[in-house]
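Let's take a friendly walk through a protein model together. Please have a look at the sequence and the 3D view below, and then read on.

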Amino acid sequence: EEYQQLRYSRNSLKIIYTLTLTIVLMLAILTSVAISFVLSRRFTRPLSLLSEATNQIAKGNYKKIIPEVGKDELGTLVKSFNSMTYQLDTATMNSKKNRKRLEEARAFLDATLTNLATSIIVIDENINLKLYNKSAAKLLNFNFSNMVGENLKNIIRDKQKFQMVITFIEESLAKKNKMTNASKEIVIGSQEDEKTLILKLSALHESSGISYILVLEDISTVAKAQRQIAWSEIARRLAHEIKNPLTP
């Protein structure tokens with residue numbers, strides 16, 4: 001009777017055991033999948049952080065720091081990445097500071113050249129204009145806008161008046177292999193508009209070639225004052241020499 005009962009319930013036991021084993025199998029599969037997700041998340045999280053940080057650095061954010069995880073190969077990679085970003089950030093800050101100093105120095109130089117009373121011109125080997133200030137534009141009588149790159153001989157309006165300046169530049173450049181500094185004092189203009197100039201030409205060696213700095217200093221007032229002093233001294237001496245024999 002017991003055997004008959006077990007025999008009748010055998011199919012039900014098979015179904016129960018099959019369901020139980022199936023449930024256990026499903027739970028094991030779900031557990032293994034969950035563990036695999038956790039492990040993959042653990043290994044891929046530093047890589048995703050590295051990818052995100054790389055995108056941030058590509059956008060210019062050099063302050064991105066990744067949390068260090070472990071001391072394995074990924075941890076070493078993250079540590080090296082953080083060191084690289086720190087060096088990039090330091091180099092960028094130094095570059096910005098140097099650029100700011102350069103801009104301030106350039107602005108100061110431009111303001112100094114603009115307001116300098118002495119006329120300054122920078123030319124190349126072909127006498128093409130590279131830089132000049134307002135005093136030079138006013139002295140040589142050419143427009144103050146869009147003259148950079150033009151030949152100096154073509155932008156001077158009164159070429160006959162400043163022919164001695166052009167001649168001095170051409171003669172100095174012709175013997176440039178022997179020249180370090182050249183200077184000359186000239187007198188230009190008519191008697192009513194006479195100017196005394198001191199010309200100084202210096203070579204400036206640059207990475208792109210050689211430039212030449214021409215300094216034109218107008219000493220007309222000084223020369224006129226010196227002549228007046230000299231004539232006053234001559235008149236005083238003549239008066240003294242005339243007065244001495246007339247006194248007895």
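How many salt bridges does a search of the whole structure find? In this predicted model, the search turns up two. One joins the side chains of Arg236 and Glu233, with 2.5 Å from N to O. The other joins the side chains of Arg237 and Glu233, and here the distance from N to O is 3.1 Å.

| Salt bridge | Distance, N to O |
|---|---|
| Arg236 and Glu233 | 2.5 Å |
| Arg237 and Glu233 | 3.1 Å |

Where do these residues sit along the chain? Arg236 and Glu233 belong to helix 7, which covers residues 220-246. They are three residues apart in this helix, so about one helical turn separates them. Arg237 and Glu233 are four residues apart in helix 7, so about one helical turn lies between them.

Is Arg237 buried or exposed? Its relative accessibility is 53%, so Arg237 counts as exposed; the cut-off for that word is over 50%. Glu233 has a relative accessibility of 29% and therefore counts as partly exposed.

Now let's step back to the chain as a whole. It has seven helices and five strands. Starting from the N terminus, the elements follow the order α-α-α-β-β-α-α-α-β-β-β-α. The chain has 248 residues, and 23% of them count as buried. Its accessible surface comes to about 18,600 Å², and carbon and sulfur atoms make up 57% of that area. As for contacts with a separation of 6 or more, 34% of those in the chain are between residues 24 or more positions apart.

Next, let's look for empty space. Rolling a probe the size of a water molecule over the atoms shows where such space is left. The largest pocket holds about 180 Å³ of space. Which residues line the largest pocket? They are Ala117, Thr118, Ser119, Ser135, Lys138, Leu139, Leu216, Glu217 and Asp218. Two elements, helix 4 (134-140) and strand 5 (209-218), each give two or more residues to this lining. By type, the lining residues divide into three nonpolar, three polar and three charged.

Strand 5 also contains Gly209. With a relative accessibility of 28%, Gly209 counts as partly exposed.

Finally, let's visit a residue in another helix. Asp89 is found in helix 3, which spans residues 73-115. Is Asp89 buried or exposed? Asp89 counts as buried because its relative accessibility is 16%, and the cut-off for buried is under 20%. Leaving aside residues up to four places away in sequence, Asp89 touches Tyr62 and Lys63.

Methods: Residues numbered from 1 in each chain as written. Predicted model: local features only at pLDDT ≥ 70, side-chain atom pairs only at ≥ 80, totals over all residues. Heavy atoms only, no water. Salt bridge = Lys/Arg side-chain N within 4 Å of Asp/Glu carboxyl O. Buried < 20%, exposed > 50% of the residue type's maximum accessible area, 1.4 Å probe, protein only. Contact = heavy atoms within 4.5 Å. Areas by Shrake-Rupley, 256 points an atom, 1.4 Å probe, with all protein chains shown as cover. 1 Å grid on protein atoms, 1.4 Å probe; cavity = no way out; pocket = protein on both sides within 12 Å on 5 of 7 lines; lining within 4 Å. Points joined across faces, edges and corners; volume = space filled by probe spheres on them. Nonpolar A, V, L, I, M, F, W, Y, C, P; charged D, E, K, R; others polar.
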